[in-house]
Amino acid sequence: MVFCKRILVVDDSKLARMALRALLNDLGVTAEVTEAADAETALELSERSCYDTVFMDYNMPGVDGLSAAAVIRARQPDAAIALVTANAQDDILAEARRLRVAFLGKPVRRDDIARFIAAAGHIADMGVAEKV
(Lines give C-alpha, C1' and ligand atoms only; values in the text may rest on other atoms or scores of the structure.)
Protein backbone atom coordinates (compact mmCIF):
# COMPACT_ATOMS: atom_id res chain seq x y z
CA MET A 1 0.00 0.00 0.00
CA VAL A 2 1.24 3.46 -0.89
CA PHE A 3 0.68 5.75 2.06
CA CYS A 4 0.63 9.41 1.28
CA LYS A 5 -1.27 10.99 4.23
CA ARG A 6 -3.68 12.86 2.03
CA ILE A 7 -7.41 13.36 2.27
CA LEU A 8 -9.63 14.42 -0.61
CA VAL A 9 -12.96 16.09 0.23
CA VAL A 10 -15.33 16.29 -2.74
CA ASP A 11 -18.61 18.19 -2.51
CA ASP A 12 -20.22 20.85 -4.67
CA SER A 13 -21.28 22.66 -1.49
CA LYS A 14 -18.54 24.85 -0.11
CA LEU A 15 -20.35 24.83 3.24
CA ALA A 16 -20.32 21.00 3.31
CA ARG A 17 -16.60 20.95 2.49
CA MET A 18 -15.94 23.50 5.23
CA ALA A 19 -17.99 21.49 7.75
CA LEU A 20 -16.16 18.27 6.95
CA ARG A 21 -12.80 20.00 7.16
CA ALA A 22 -13.81 21.46 10.54
CA LEU A 23 -14.71 17.97 11.80
CA LEU A 24 -11.35 16.65 10.62
CA ASN A 25 -9.62 19.53 12.39
CA ASP A 26 -11.67 18.85 15.52
CA LEU A 27 -10.47 15.24 15.43
CA GLY A 28 -6.90 16.47 15.22
CA VAL A 29 -6.30 15.10 11.74
CA THR A 30 -2.94 16.35 10.56
CA ALA A 31 -3.04 14.87 7.08
CA GLU A 32 -3.03 17.18 4.07
CA VAL A 33 -6.62 17.93 3.06
CA THR A 34 -7.47 18.84 -0.54
CA GLU A 35 -10.92 19.99 -1.61
CA ALA A 36 -12.67 19.54 -4.93
CA ALA A 37 -15.99 21.19 -5.85
CA ASP A 38 -16.99 18.48 -8.33
CA ALA A 39 -16.27 14.92 -9.37
CA GLU A 40 -14.41 15.90 -12.53
CA THR A 41 -11.90 17.90 -10.49
CA ALA A 42 -11.57 15.02 -8.03
CA LEU A 43 -10.81 12.64 -10.89
CA GLU A 44 -8.16 15.00 -12.26
CA LEU A 45 -6.59 15.29 -8.80
CA SER A 46 -6.64 11.53 -8.24
CA GLU A 47 -4.94 11.01 -11.59
CA ARG A 48 -2.00 13.17 -10.48
CA SER A 49 -1.87 12.39 -6.74
CA CYS A 50 -2.75 9.57 -4.40
CA TYR A 51 -5.16 9.92 -1.49
CA ASP A 52 -5.44 7.65 1.52
CA THR A 53 -8.94 8.80 2.31
CA VAL A 54 -11.68 10.27 0.12
CA PHE A 55 -14.94 11.81 1.31
CA MET A 56 -17.22 11.99 -1.73
CA ASP A 57 -20.63 13.62 -2.05
CA TYR A 58 -23.09 11.70 -4.23
CA ASN A 59 -25.28 14.41 -5.78
CA MET A 60 -23.10 16.73 -7.80
CA PRO A 61 -23.49 18.30 -11.22
CA GLY A 62 -21.92 16.22 -14.00
CA VAL A 63 -20.41 12.96 -12.80
CA ASP A 64 -22.05 11.61 -9.63
CA GLY A 65 -19.93 10.78 -6.61
CA LEU A 66 -20.35 7.03 -6.84
CA SER A 67 -19.17 6.93 -10.46
CA ALA A 68 -16.17 9.04 -9.48
CA ALA A 69 -15.52 6.77 -6.49
CA ALA A 70 -15.44 3.77 -8.85
CA VAL A 71 -12.71 5.41 -10.94
CA ILE A 72 -10.71 6.39 -7.86
CA ARG A 73 -11.14 2.87 -6.42
CA ALA A 74 -9.69 1.42 -9.65
CA ARG A 75 -6.74 3.82 -9.52
CA GLN A 76 -6.13 3.57 -5.78
CA PRO A 77 -7.42 0.20 -4.56
CA ASP A 78 -6.29 0.75 -0.95
CA ALA A 79 -7.86 4.18 -0.50
CA ALA A 80 -10.57 4.49 2.14
CA ILE A 81 -13.52 6.03 0.33
CA ALA A 82 -16.74 7.24 1.95
CA LEU A 83 -19.83 8.35 0.10
CA VAL A 84 -21.18 11.29 2.10
CA THR A 85 -24.80 11.83 1.20
CA ALA A 86 -28.37 12.04 2.42
CA ASN A 87 -29.36 9.91 -0.58
CA ALA A 88 -29.63 6.42 0.97
CA GLN A 89 -31.45 4.57 -1.81
CA ASP A 90 -30.97 0.79 -1.84
CA ASP A 91 -29.36 0.72 -5.30
CA ILE A 92 -26.85 3.40 -4.31
CA LEU A 93 -25.98 1.58 -1.08
CA ALA A 94 -25.61 -1.73 -2.93
CA GLU A 95 -23.27 -0.21 -5.50
CA ALA A 96 -21.27 1.48 -2.75
CA ARG A 97 -20.84 -1.87 -0.97
CA ARG A 98 -19.79 -3.53 -4.23
CA LEU A 99 -17.12 -0.85 -4.68
CA ARG A 100 -16.02 -1.10 -1.01
CA VAL A 101 -17.15 2.48 -0.46
CA ALA A 102 -18.47 3.31 3.01
CA PHE A 103 -21.67 5.27 3.49
CA LEU A 104 -21.81 8.32 5.76
CA GLY A 105 -25.18 10.03 6.03
CA LYS A 106 -25.56 13.79 5.89
CA PRO A 107 -25.35 15.77 7.97
CA VAL A 108 -22.10 14.03 8.73
CA ARG A 109 -21.21 13.77 12.40
CA ARG A 110 -17.87 13.83 14.16
CA ASP A 111 -18.34 10.29 15.50
CA ASP A 112 -19.08 8.96 12.00
CA ILE A 113 -15.87 10.48 10.67
CA ALA A 114 -13.90 9.11 13.61
CA ARG A 115 -15.30 5.59 13.14
CA PHE A 116 -14.63 5.70 9.39
CA ILE A 117 -11.02 6.78 9.87
CA ALA A 118 -10.56 4.17 12.62
CA ALA A 119 -12.02 1.43 10.41
CA ALA A 120 -9.68 2.46 7.62
CA GLY A 121 -6.76 1.97 9.98
CA HIS A 122 -5.50 5.50 9.50
CA ILE A 123 -5.79 6.77 13.07
CA ALA A 124 -2.13 6.88 14.01
CA ASP A 125 -1.09 7.93 10.54
CA MET A 126 -3.34 10.96 10.59
CA GLY A 127 -2.63 12.00 14.15
CA VAL A 128 -6.12 11.45 15.55
CA ALA A 129 -5.39 8.78 18.15
CA GLU A 130 -5.87 11.02 21.18
CA LYS A 131 -9.26 12.44 20.20
CA VAL A 132 -11.11 9.46 18.70
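These questions and answers cover confidence, helix packing, salt bridges and backbone geometry in a predicted model. Residues are numbered from 1 along each chain as its sequence is written, and side-chain values use heavy atoms, without hydrogens and water. Local features need pLDDT of at least 70, side-chain atom pairs count only at pLDDT 80 or more, and totals for chains, interfaces and linings use all residues.

Q: What pLDDT does the chain average?
A: pLDDT is the predictor's confidence in each residue, from 0 to 100. In this chain, 89% of the residues score at least 70. The chain average is 88.

Q: In which helix is confidence lowest, and in which is it highest?
A: Helices (H or I, at least four residues) and strands (E, at least two) are DSSP runs, numbered from the N terminus. Helix α6, residues 123–126, has the lowest confidence, at a mean of 48. The highest, at 97, belongs to residues 39–48, which form helix α2.

Q: Are α2 and α3 roughly parallel or roughly antiparallel to each other?
A: Axes are lines fitted to C-alpha atoms, for helices over the stretch in contact, and angles run from 0 to 180 degrees between N-to-C directions. Angles under 35 degrees count as roughly parallel, over 145 as roughly antiparallel, 65 to 115 as roughly perpendicular and the rest as oblique. Helix α2 packs against helix α3 (residues 65–75) at about 5°, with the axes 10 Å apart. The two helices are therefore roughly parallel.

Q: How do the residues of the contact of α2 with α3 divide into nonpolar, polar and charged?
A: From α2 come A39, L43, S46 and E47, and from α3 come A68, V71, I72 and R75. Ala, Val, Leu, Ile, Met, Phe, Trp, Tyr, Cys and Pro count as nonpolar, Asp, Glu, Lys and Arg as charged, and the others, Gly among them, as polar. The contact has 5 nonpolar, 1 polar and 2 charged residues.

Q: Is T34 buried or exposed?
A: Buried means under 20% relative accessible area, exposed over 50%, partly exposed in between (1.4 Å probe, protein chains only). T34 lies in strand β2, residues 32–36. Not counting residues up to four places away in sequence, T34 touches I7, L8, V9, R21, L45 and Y51. Its relative accessibility is 17%, so T34 is buried.

Q: Is A119 buried or exposed?
A: A119 sits in helix α5, residues 110–120. Its C-alpha atom is 10.0 Å from that of A102, 17 residues apart along the chain. With a relative accessible area of 70%, A119 is exposed.

Q: With which residue does R6 form a salt bridge?
A: A salt bridge is a side-chain nitrogen of Lys or Arg within 4 Å of a carboxyl oxygen of Asp or Glu. The structure holds 10. For R6, the closest N and O atoms are 3.7 Å apart, and the pair links strand β1 (residues 6–10) to strand β2 across 26 residues. The partner of R6 is E32.

Q: Which residue forms a salt bridge with E35?
A: The closest N and O atoms are 3.0 Å apart. E35 lies in strand β2 and its partner in helix α1 (residues 14–26), so the pair ties together parts 18 residues apart in sequence.

Q: Which residues are linked with D11 in a network of salt bridges?
A: D57 and K106 form a salt bridge, with the closest N and O atoms 3.2 Å apart. D57 lies in strand β3 (residues 53–57) and K106 in the loop between β5 (101–105) and α5, so the pair ties together parts 49 residues apart in sequence. D57 is buried at 4% relative accessibility, and K106 is partly exposed at 31%. The residues linked with D11 are D57 and K106.

Q: Is the peptide bond from K106 to P107 cis or trans?
A: P107 is found in the loop between β5 and α5. Omega of this bond is near 0°. The bond is cis.

Q: What is phi of R100 near?
A: Most residues other than glycine have a negative phi. R100 lies in the loop between α4 (90–98) and β5. R100 is exposed, at 53% relative accessibility. Its phi is positive, near 60°.

Conventions
Contact means heavy atoms within 4.5 Å.
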